[in-house]
Amino acid sequence: MEVCNSTLRSGFILMGILDDNDFPELLCATITALYLLALTSNGLLLLVITMDTRLHVPMYLLLWQLSLMDLLLTSVITPKAILDYLLKDNTISFGGCALQMFLALTLGTAEDLLLSFMAYDRYVAICHPLNYTILMSQKVCCLMIATSWSLASLSALGYSMYTMQYPFCKSRQIRHLFCEIPPLLKLACADTSTYELMVYLMGVTLLFPALAAILASYSLILFTVLHMPSNEGRRKALVTCSSHLTVVGMWYGGAIVMYVLPSSFHSPKQDNISSVFYTIFTPALNPLIYSLRNKEVTGALRRVLGKRLSVQSTF
């Protein structure tokens, strides 16, 4: 009991990927660069969509939410990991660990749901363009966003509270990038087998239906695209879909490894690599993949930056 009480007082020690690497300086520089890229690219996308009224349509409102989620998710995890390595202080308080877990679960689950809604949006736009304004009205779009945030918050709150109520008396060292359910349960000194099954079912329930909806949407899109008479329209649709599926593969690949694979298949190094993919790589690359080849976004970016430069030149 005394060991468990000391965890409440002293918190945990995060032993992430930077502490288990042959080239930590290079990896730290890479993660820092990716974080700065995520801040810049997501920040610019949020600014452009907010300021250009021509982008106030469901597709870009969903993309705005994706950028916000990515920006918050990587900011919950990455700065602390970098500072921990630079300051050689890997400690995190019990409350800080609980908060980090709740925020990461909320943002991760919300993005999982949002990606499926974005796939549906693309399906309607390409396969049913004449009914797009009806099937993807502003009201439907707002309902999708509200559903993503509310379901994610409720799920994250329940799982975070239940995880943190366990007595942790095996060790204070979490061999992971941040406070996440699977590595924390390894420190519990109580039977967690039933709860691990619940976490597995959560992963299956949240990840696979959303992934199935995404794959179904893009399969129907591909079928429609292949029957398009216009080569230009076919090429544009295929480029859009392939970029979206790249994001889906990176995001769901890491999440499935973390939450669906049985615990016997897990290792600290594998879990760290998986978590880096969906908390650092994906947030940095999402804006580039979704908007780099999008003429509407690049055109809006030029207009917004042009306005700001013209305003500055008048002073």
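**Entry 1: cysteines**

I count two cysteine sulfur atoms as a disulfide when they sit within 2.5 Å of each other. By that rule I get one disulfide here. I keep in mind that this is a predicted model, where local features need pLDDT of at least 70, side-chain atom pairs count only at pLDDT 80 or more, and totals for chains, interfaces and linings use all residues. Residues are numbered from 1 along each chain as its sequence is written, and side-chain values use heavy atoms, with hydrogens and water left out.

Which cysteines pair up? I found Cys97 joined to Cys179, with 2.1 Å from S to S. Cys97 belongs to helix H4 (residues 94-127), while Cys179 is in the loop between strand E3 (173-174) and helix H7 (181-185), so the bond ties together parts 82 residues apart in sequence. My helices (H or I, at least four residues) and strands (E, at least two) are DSSP runs, numbered from the N terminus. I also looked up the torsion about the S-S bond of Cys97 and Cys179: about -120°, so this disulfide is left-handed.

Are Cys97 and Cys179 buried or exposed? Both are buried. For me, buried is under 20% relative accessible area, exposed is over 50%, and partly exposed is in between (1.4 Å probe, protein chains only).

Next I checked Cys141. Its closest cysteine sulfur is in Cys142, 5.6 Å away, too far for a bond. Cys141 counts as buried because its relative accessibility is 0%. Cys127 is buried too, at 18% relative accessibility.

**Entry 2: helix H4**

I went back to H4. This helix has 34 residues and covers 50 Å from its first C-alpha to its last, close to the expected 50 Å. The expected span is 1.5 Å times one less than the number of residues. In H4, 25 of the 34 residues are buried, so the helix is largely enclosed by the rest of the structure.

I picked out Leu115, which is found in H4. Leu115 is buried, with a relative accessible area of 3%.

**Entry 3: cavities**

How many cavities of 30 Å³ or more does the structure hold? I got two. A cavity is a set of points, on a 1 Å grid over the protein atoms alone, where a 1.4 Å probe fits but cannot get out, and lining residues have an atom within 4 Å of a point. Grid points are joined across faces, edges and corners, and the volume is the space filled by probe spheres set on them.

The largest cavity has a volume of about 240 Å³. It has 18 lining residues, and the closest to its centre are Leu105, Gly108, Thr109, Ala255 and Tyr259. H4 turns up again: it gives the most to this lining, with six residues.

The second largest cavity comes to about 90 Å³. Among the residues that line it I noted Leu14, Asp84, Asn90 and His176. Helix H3 (residues 58-87) gives the most to that lining, with three residues.

In the model, residues 23-48 are 96% helix and 0% strand, with end C-alpha atoms 37 Å apart. Residues 200-225 are 100% helix and 0% strand, with end C-alpha atoms 36 Å apart.

Note on methods:
On a 1 Å grid over the protein atoms alone, a cavity is a set of points where a 1.4 Å probe fits but cannot get out, and a pocket is an open set with protein on both sides within 12 Å along at least five of seven lines; lining residues have an atom within 4 Å of a point.
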